[in-house]
Amino acid sequence: MVQILIRRTGYALATLFFVSIICFIIIQLPPGDYADAYAAKRHAGGEIIRAEEVEAIRHQLGLDRPMYIQYLNWMWGVVRGELGMSLEYKRPVSEVIAERLPLTLILAFSTMVFIYSVALSIGILSAVRQYSAADHFFTVIGYIGLATPNFLLALLLMYASHKWFGQSVGGLFSPQFQDAPWSWARLMDMLSHLWVPVVVLGTAGTAFQIRTMRAVLLDELNKMYVIAARSTGLSEFRMLMKYPVRIALNPIVSTLGWELTRVISGAPIVGVVLSLPDTGPLFLKSLLDQDTYLAGAMILIYCTLVIAGTFISDVLLIILDPRIRYERLT
Amino acid sequence: MVNTGVKVKRNKHVRRLDIATARQLMWWKFKRHRMALLGISVILFFLLLAIFAEFLSPYAPYERTAIYTSGSPMGLNFIDTDRKLHICPFVYGRVSKRDPVTLRLKPAIDTSQCWPLRFFVKGSSYKLWGIFKLNIHLFGAKGGFIHIFGTDKLGRDLFSRCLYATRTSLSVGVIGIIFTFFIGIVMGGIAGYIGGMVDNIIMRIIEFIRSIPTLPLWLSLAAALPREWSALKVYFAITLILSLVSWTNLARRVRSKLLALREEDFVISARLAGCKTARIIRRHLLPSFLSYIIVDLTISFPWMILGETSLSFLGLGLREPAVSWGVLLFSAQNILSIVHMPWLLIPGIFVIVSVIAFNFVGDGLRDAADPYSK
């Protein structure tokens with residue numbers, strides 16, 4: 001068990017290392033660096049900026065050093081929790097992100113809870129009552145849910161709520177709580193707004209997991225051990241929960257990491273459309289402005305979240321399925 | 001006697017199954033999937049829309065109706081205000097009126113005018129597929145204009161733009177699939193046939209790519225494209241970016257199939273006959289699991305479309321003057337424009353319907369891909 005954990009941690013760290021290189025390459029991809037962009041901006045504003053000034057900025061930011069030194073500098077900062085200065089906000093990147101990251105985490109976590117609580121219950125229902133009206137209904141909903149891009153769903157929800165409820169669903173807070181300090185009322189207010197992005201972000205995943213759960217459970221229900229369990233006189237519900245559902249959970253748990261990848265991947269676009277005060281709009285803006293350190297840090301954080309999620313799902317699978325434990329040890 | 005009759009009949013059926021070619025079996029299995037057939041017809045319909053976009057659309061994508069900007073969809077009517085039935089449908093005329101409160105010019109319905117629908121009308125000239133110079137459009141309104149999906153802020157016909165967008169978005173999918181196909185086959189082929197260290201490295205790369213969240217990766221790659229690139233260049237770059245992520249599925253499939261097949265007798269005999277590795281893969285191995293590849297490609301098609309749409313919607317994919325579903329939806333980005341012009345969301349219906357259709361076909365193909373399983 002410990003051995004597997006150590007190996008998994010090693011994998012995760014190695015992946016993290018490669019991710020950091022990719023992030024750095026992505027940061028460097030746009031032609032020109034921040035000094036150029038800054039000069040262009042000042043120039044557009046009607047100011048005259050001399051080549052020496054641009055050069056000075058470049059030198060001051062260390063943009064004229066060799067690539068690998070820039071990478072090592074950046075990495076060393078990351079390890080110490082210093083992600084560089086946001087060139088657009090004129091503040092440390094870690095500060096800018098720290099303001100918004102908690103909301104992204106809350107959103108991702110609630111979405112995962114939403115996906116699995118809804119998908120598991122509906123999946124079990126659909127499998128046990130195969131071809132019932134409810135099963136057909138959820139199959140249709142599932143197909144549509146898988147096919148609708150997140151942002152379109154967000155737009156439709158916004159339109160519907162404006163049209164029929166006359167309220168805007170954008171943002172996470174009502175106007176009176178926008179800048180208020182954290183309090184119980186503000187938390188409640190946030191929760192009442194949170195369901196919209198959670199539903200938008202979770203629909204596709206839920207549809208996918210319902211299909212998986214239904215398919216696997218249907219396979220399991222036809223097996224002999226189900227009949228054997230029934231014959232021992234267990235109630236139908238307990239029998240379901242104790243045997244077939246537990247086995248059917250395996251593929252669900254093993255894809256937990258992918259699901260998290262999808263949720264994290266979809267979060268920025270939903271954040272932009274619903275104008276949430278989370279990291280989504282920040283990320284998009286940083287890309288458009290070529291605010292390299294901020295963009296790189298954001299990608300690194302998204303990837304780290306995913307890697308951590310995959311790690312957790314691996315550990316969960318080991319706990320859930322003794323076969324994996326023994327297979328690896330022998 | 002009755003019994004034997006039944007038996008003979010069943011035997012005949014069995015024999016038909018026995019002598020059927022793999023292709024026939026696949027077709028039978030696919031045909032059983034009603035939804036897959038429906039999906040195929042929807043896709044063919046979309047393809048026709050895309051191919052004949054110039055002819056089917058009443059206007060060119062940049063043609064503006066200056067007096068009908070931000071106009072709502074014009075419904076077809078058969079019965080006019082005098083309760084008179086028209087054989088040929090018509091639309092009511094539109095006039096510009098000043099809003100009494102805001103004093104702004106606003107289009108309003110004028111029921112005194114009827115503009116009948118006419119088929120094969122002359123309109124703006126175009127070159128069909130860049131060859132035939134024509135000016136015939138499938139339909140148009142006599143005496144006025146017709147915008148069945150409404151118009152955008154500049155007064156451009158949304159219906160026509162949707163048709164042109166169908167062409168762009170589907171072709172992004174097709175070209176992306178071609179890129180995916182080549183990268184996937186080559187990487188999977190190398191991994192599966194050479195094996196060993198190379199295989200290990202490629203598999204690690206694949207796992208690595210799969211563990212990066214797709215959309216942020218696409219976004220940052222798309223953001224790195226130079227702004228001054230031409231629309232065509234951006235178009236190819238975007239499709240390439242989309243396939244940079246999607247090839248992993250195909251490569252895994254190709255690799256696992258190659259690993260399973262490379263010890264088969266027919267491969268050994270081919271090698272003994274002096275075939276080169278590339279030829280063995282291409283002529284002997286590839287055809288034996290081509291059906292699986294087609295399934296995988298069909299399944300990744302909707303992801304291409306969704307990816308392109310999302311990128312363009314965020315302003316990092318295709319941009320004006322290109323017209324794609326995502327570009328059209330880009331103008332529906334904020335709540336104000338949706339509230340005032342909900343018809344701007346119509347391109348979204350195209351996206352959803354096409355993705356559902358492809359998913360149905362993918363499901364049907366998946367069952368048909370292995371015709372010998374029960």
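Leaving aside neighbours within four places in sequence, which residues is A:I144 in contact with? The answer is B:I352 and B:I356, where two residues are in contact if their C-beta atoms, placed from the backbone, lie within 7 Å. A:I144 is found in helix α6 of chain A; helices (H or I, at least four residues) and strands (E, at least two) are DSSP runs, numbered from the N terminus. Because A:I144 has 16 C-beta neighbours inside 10 Å, this residue counts as partly exposed. On that scale a residue is buried if 20 or more other C-beta atoms lie within 10 Å of its own, exposed if 12 or fewer, and partly exposed in between, with C-beta atoms placed from the backbone. From A:I144 to A:V19, 125 residues away in sequence, the C-alpha to C-alpha distance is 34 Å.

The model is a predicted one, in which local features need pLDDT of at least 70 and side-chain atom pairs count only at pLDDT 80 or more, while totals for chains, interfaces and linings use all residues. Residues are numbered from 1 along each chain as its sequence is written, and chains are lettered from A and ligands numbered from 1 in the order in which they are written.

For the complex, the predictor gives an ipTM of 0.74 and a pTM of 0.77. The average pLDDT of chain B is 78, and 91% of the residues score at least 70; pLDDT is the predictor's confidence in each residue, from 0 to 100. Residues 1-8 of chain B have a pLDDT below 50, and beyond near neighbours in sequence this stretch has zero contacts in the model. Where pLDDT is low, the predicted coordinates should not be read in detail.

The interface between the chains comes next. Here 39 residues of chain A are in contact with 30 residues of chain B. On the chain B side, α7 (214-223), α11 (290-313), α13 (335-340) and α14 (346-369) each supply at least two residues. By class, the side of chain B that touches chain A has 23 nonpolar, seven polar and no charged residues. In this count Ala, Val, Leu, Ile, Met, Phe, Trp, Tyr, Cys and Pro are nonpolar, Asp, Glu, Lys and Arg are charged, and the others, Gly among them, are polar.

Chain A has 15 helices and two strands. Of its 330 residues, 35% count as buried. Among the contacts in chain A with a separation of 6 or more, 71% are between residues 24 or more positions apart. An automatic or database domain assignment supplies the domain bounds: domain 1 of chain A is 1-99 + 290-330 and domain 2 is 101-277. Twelve residues of domain 1 of chain A meet ten residues of domain 2 of chain A in contact. On the domain 1 side, α5 (93-128) and α14 (292-320) of chain A each supply at least two residues, and α14(A) gives the most, with nine residues.

A:Y131 lies in the loop between α5 and α6 (133-147) of chain A. This residue counts as exposed because 9 C-beta neighbours fall inside 10 Å. Its phi is positive, near 65°, in a residue other than glycine. Most residues other than glycine have a negative phi.

Chain B is divided into domain 1 (67-156) and domain 2 (162-368), and the C-alpha centres of these two domains of chain B lie 39 Å apart. Six residues from domain 1 of chain B and six residues from domain 2 of chain B make up the contact.

Helix α5 (residues 158-194) of chain B has 37 residues and should span 54 Å at 1.5 Å a residue; its end C-alpha atoms are 52 Å apart, which agrees. The expected span is 1.5 Å times one less than the number of residues. After α5(B) comes B:G195, with a positive phi near 70°. B:A260 lies in helix α8 (residues 231-261) of chain B and, because its C-beta neighbours inside 10 Å number 11, counts as exposed.

The largest nonpolar core has 129 residues, and those with the most contacts inside it are A:A154, B:C162, B:W218 and B:A222. Such a core is a set of buried Ala, Val, Leu, Ile, Met, Phe, Trp, Tyr and Cys residues joined through C-beta atoms within 7 Å. Not counting residues up to four places away in sequence, B:A222 touches B:I238, B:I241, B:L311, B:L316 and B:G317. A second, separate core of eleven residues includes B:Y193, B:V254, B:L258 and B:I281.
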